[in-house]
Amino acid sequence: MNVETIREYCLSKKGVTESFPFDDVSLVMKVMNKMFALIDLEEAKTISLKCDPDRAIELREHYSGIEGAYHFNKKYWNSVCFNSDVDDKLMKELVDHSYEEVIKKFTKKLRAEYDSLP
């Protein structure tokens, strides 16, 4: 998996936008203005994804390409390397999981807005 493929996959999800709120090399993916992924474009090696805390620890123990995300709360965020032991299928599953982790925390109002999207 590479940066462009994962970017396109993220953007194919409902309610997703991309922006550069921190600098010009950190591409942030948001669903309904809530971040679920950050792609480092400078090195183009990693994506940071939100994760259930128990699953985050389990993933880090089983995959050398997954570690606590730099500059994030490592309890909830993993950094996943593109060229590692994480295959494309798992990478997409982790993006899906991050997206779902954010959606499940939506307020009722935000969830209603999300549900009304085409």
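Mentor: A pocket is an open set of grid points with protein on both sides within 12 Å along at least five of seven lines, and a lining residue has an atom within 4 Å of a point. Please keep in mind that this is a predicted model.

Trainee: Which residues lie nearest the centre of the largest pocket?

Mentor: The largest pocket has a volume of about 350 Å³. Its lining is made up of 16 residues, and β3 (34–40), β4 (46–50) and β5 (66–68) are the elements that give two or more of them. Those nearest the centre are Leu38, Ser48, Tyr70, His71 and Phe72.

Trainee: How do the residues of that lining divide into nonpolar, polar and charged?

Mentor: Asp, Glu, Lys and Arg count as charged, and Gly is placed among the polar residues. On that basis the lining of the largest pocket divides into 6 nonpolar, 6 polar and 4 charged.

Trainee: Is histidine 71 buried or exposed?

Mentor: Histidine 71 belongs to the loop between β5 and β6. Its C-alpha atom is separated by 9.9 Å from that of serine 48, the two residues being 23 apart along the chain. Exposed means over 50% relative accessible area. Because the relative accessibility of histidine 71 is 68%, this residue counts as exposed.

Trainee: Is leucine 38 buried or exposed?

Mentor: Leucine 38 lies in strand β3. Outside the four places on either side in sequence, leucine 38 touches Phe22, Ser26, Leu27, Val28, Thr46, Ile47, Ser48 and Phe72. The cut-off for burial is under 20% relative accessible area. Since the value for leucine 38 is 12%, the residue is buried.

Trainee: Which residues line the largest cavity?

Mentor: The structure holds 1 cavity of 30 Å³ or more, and about 40 Å³ of space lies in the largest cavity. Two or more lining residues come from each of β4, β6 (77–81) and α3. The lining divides into 4 nonpolar, 2 polar and 1 charged. It is formed by Leu49, Lys50, Cys51, Asn78, Val80, Leu94 and His97.

Trainee: What length does helix α3 reach from its first C-alpha to its last?

Mentor: Helix α3 covers residues 88–103, 16 residues in number. At 1.5 Å a residue, 22 Å would be expected. The span in the model is close to that value, at 23 Å.

Trainee: Is glutamate 101 buried or exposed?

Mentor: Glutamate 101 is found in helix α3, whose buried residues also include Leu94, His97 and Val102. Beyond four places in sequence, glutamate 101 touches Lys50, Cys51 and Asp52. Because its relative accessible area is 9%, glutamate 101 is buried.

Trainee: Which element supplies the largest share of the largest nonpolar core?

Mentor: Among the 32 residues of this core, Val31, Phe36 and Ile47 touch the most other members. At least two core residues come from each of α1 (3–11), β2 (26–31), β3, β4, α2 (53–62), α3 and α4 (108–115). The largest share, 7 residues, comes from α3.

Notes
Residues numbered from 1 in each chain as written. Predicted model: local features only at pLDDT ≥ 70, side-chain atom pairs only at ≥ 80, totals over all residues. Heavy atoms only, no water. 1 Å grid on protein atoms, 1.4 Å probe; cavity = no way out; pocket = protein on both sides within 12 Å on 5 of 7 lines; lining within 4 Å. Points joined across faces, edges and corners; volume = space filled by probe spheres on them. Helix = DSSP H or I, 4+ residues; strand = E, 2+ residues; numbered from the N terminus. Expected span 1.5 Å × (residues − 1). Buried < 20%, exposed > 50% of the residue type's maximum accessible area, 1.4 Å probe, protein only. Core = buried A, V, L, I, M, F, W, Y, C linked by side-chain atoms within 4.5 Å. Contact = heavy atoms within 4.5 Å.
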